[in-house]
Amino acid sequence: MPLPVRSRPKERILYAEGFPEAAIRRRARAGAADAFPSPDDYGQVLFGADPDCPAAADDLLDRLRLVPPVFVPQRLAQLVELAREPMYRDVRLETTIGGFRSALPLYVSAFGSTEAASVALGLAAGRQAGRLGIPMVIGENVMPVNSYGRLEADAERSLLGRIRAYQAEALDGYGGIVVQQSTEDADAEVWNLVYSDPNVLPLLESGRLAFELKVGQGAKPGLGGMTLVGAEAAERLADAYLLDPVLGGDRVLRSSSPGTFTEEILRQQIRLMRNNYPRAKVWVKLPPARDVSTAAQVAWAAGADAVSVDGAEAGTGWAPRAFLRHVGLPLGECLLRIGHDRAPSDPSCLLASGRMWEGARVAKCLALGANAAGLGRAALLAVDTDPDHGLVNLVECLALELQFLVSALGKYHVQALDPEDLWSPTPASSWATGIGSGPA
Amino acid sequence: MTETRIPETEARLPASPREHLTSPVTRSVLRIQHRMLTAARELLGARGFIELLPPVIGPVTDPGARGAKQVDVDYYGHRYKLMTSAILYKQAALTSFDKIFFIAPNIRLEPLETASTSRHLAEFHQIDIEIADASRDDAMAIAEDLVRHVVQQVVAELPHEFEALGRDTSGFAELIGTPFGRRTHADAVADLRATGHDQNPDAELDWVGEAKLSAKASRPFFVTDYPKGSRGFYDREDKDRPGMLRNFDLIAAEGYGELCSGSEREQDYATIISRMRETAENPAKYAWYLQMLKDGVPPSAGFGLGLERFTRYVAGLDSVWQASAFPKVPGIASP
């Protein structure tokens, strides 16, 4: 008996005004692959928070204003020191970041191995960061995915290649290299290898090597690192990572685990780092989690030289749409929470990253308690624009803006910024930190 | 190949394997070491220990090695490791016998700062002991008896070798005749800090600090109760004093430093998983060991006594490489 002929799906007969109809229809066609941005964009698009989503449009840091005072006692002090009226170029930008002397309150944050952060861009960023005298973080996965580079022929692609690129142009006495390791990287012993490598000895001897424990990241807090890899690479990585064919085609989603942390696990991991690598600094990278302040306190108490916080708006890597739009605290809120729990003159180092590229946002973060800001996507775009000078140019402009802003606030060192320099139109966020608020 | 730069080291390394192997000093040292091994086997055999041959490679090895890199081996496409120590296998072996030991070769690509400590080799051997249903005190008692017996035997039997090396063995009278001292890690830290040495209270005694304490001693002594965060996941945490481990080091006298590390072992599956995370390990790669724990291994205590370090102390050598026929000093490419 012949089967009845099935009728064609009757699309576009229903309408649903005020409902995300197109998105639902896209998902009905694509299935689980629609949890992600289009894989066609992978390698060209730097992800991070969706700028169209309501939370990003109402960003706390964007809403805050820097507000100069009329009375400027610190300018008077500077006037006395200089015996002339101070100008914006008198603002000192040099500072200490996580145990390193840095020419500016900036560092290049980790790009990871995501394809957009290609080898060439990573090397270019490294060279220019070295020249600028600012620290650079080398992301997890660079070694497991691109190798270490000591014995391999393609040393340029490797972790060691990136370290060399930085060292070759490093400003004497400034900056440093920070090597990240995640839970899966432990299998490859990234830190042990770097720490025992003769090539890295100059950095160790000049106190310019740090290891960053990656507890989480901005774009997808609660998840581990994600990249798309081809079938061949997937086979090689199958032992260590979750490989998910969810996107179809010949691309496979490679996921790290987020790693399991309790207060005790974090505390002991940091102590073990200090025990095993006494000549390296210890950095800890936190996700924009709801307990970010507690985690920062645990990390500092255990001896971390720096805690970096990646806001939900941060990230260069691949992430599910739901995370880009709906998950994690914005950086401003992270800084407020940490500032609330921190003693006013706490000397521990706090670093912030998430949509940093110009002076005002950096100045606001410094005023909220950060010691420096990390350039991620901005650094990649800058070296993509000009591999020889792009990052240097971007940073020179940012540095000038910082000098303008800090001097306008009547201060002459970036570390002198504090919450009194900020004004918030909404009082809700002001009680904790001494930020001015109320009618303009 | 990349260029390798090695720090200046005080050790005067031999120019060639021939120069080292034919030197009268090396010959005396290796004769003493040979007799030390025989004496160790005598004592352990008499105490009911079974000697097993140690594994050389495995999917995982001891991660508690203070920043040293493990050596990867491509084992039919799987990443295997040369043993940094056979601790995990020692625990497993207790399902076969109650008292076991290995004379085990270990490989650790140590950080380069260890090239100038005079007591690190990238390739070395341990007299590696594990005892089922034993406490830390039991393990320390065996370690003390073992060191005493070995020293007694070689001093009595090889006076000419010691004479040739210029080693005055009368200094061992106290080691032979008096029980070894004991102090806690916290006490050792306080002692060092009181002398202006900036010892991290949460970490292992650093190389300089350890040598200072060792130099003040006239016979070996134990340091107990190291803090969590300074050791591997298998050292048992004291349930009455959280953060404190039921472990010990044995430190030689005369500045020769650490000879031996040991502990009561953790063997509870869930506790080990948490401890692995605290030591930044990925439990996934320890599958065989975790299955072993799930199915049950006896509670135990044990230690590893560094053979070349012990030889250096007994023979009174400047550097530990002199106690190896084929020395590998960290960072230095040698045969």
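This is a predicted model: local features need pLDDT of at least 70, side-chain atom pairs count only at pLDDT 80 or more; totals for chains, interfaces and linings use all residues.
**Notebook: chains A and B**

I began with chain B: among its contacts between residues at least 6 apart in sequence, 71% join residues at least 24 apart. A contact here is two residues whose C-beta atoms, placed from the backbone, lie within 7 Å. Residues are numbered from 1 along each chain as its sequence is written, while chains are lettered from A and ligands numbered from 1 in the order in which they are written.

**Chain B overall**

The C-alpha trace spans about 55 × 50 × 45 Å along its principal axes. I get eleven helices and eleven strands for chain B; these are DSSP runs numbered from the N terminus, helices being H or I with at least four residues and strands E with at least two. Buried residues make up 50% of the chain. Buried means 20 or more other C-beta atoms within 10 Å of the residue's own, exposed means 12 or fewer, and partly exposed is in between, with C-beta atoms placed from the backbone.

**Strand β10 of chain B**

Next I checked β10(B), residues 258–264, and seven of its seven residues are buried. On one side I found β9(B), residues 247–251, joined to β10(B) by five bridges and antiparallel. Strands count as paired if DSSP finds at least two bridges between them. D249(B) stands opposite S261(B). The two strands form a hairpin with six residues between them, and E254(B) in the turn has a positive phi of about 60°. I then found β11(B), residues 300–306, pairing with β10(B) in the antiparallel sense, again over five bridges. S261(B) turns up here too, with G304(B) as its bridge partner in β11(B).

**Helix crossing in chain B**

I looked at α2(B) (24–46) and α11(B) (307–315): their axes come within 10 Å and cross at roughly 115°. Axes are lines fitted to C-alpha atoms, for helices over the stretch in contact, and angles run from 0 to 180 degrees between N-to-C directions. V29(B), I32(B), Q33(B) and M36(B) of α2(B) meet F310(B), T311(B), V314(B) and A315(B) of α11(B). I sorted these contact residues into six nonpolar, two polar and no charged.

**Over to chain A**

I found an open sheet of three strands, ordered β8-β10-β9 in chain A, with antiparallel pairing. β8(A) (226–230) and β9(A) (242–244) stand at the edges with a single partner strand each, so one side of each has no neighbour in the sheet. β8(A) pairs with β10(A) (251–255) over five bridges, and T227(A) has R254(A) as its bridge partner.

Then α15(A), residues 331–341: eight of its eleven residues are buried, so the helix is largely enclosed by the rest of the structure. Those buried residues pack against α3, α13, β12, β13 and α16 of chain A.

Last I checked R131(A), in α5(A) (119–132). R131(A) counts as buried because it has 20 C-beta neighbours inside 10 Å. Beyond four places in sequence, R131(A) is in contact with E169(A), L171(A) and V392(A).

How values were computed: Ala, Val, Leu, Ile, Met, Phe, Trp, Tyr, Cys and Pro count as nonpolar, Asp, Glu, Lys and Arg as charged, and the others, Gly among them, as polar.
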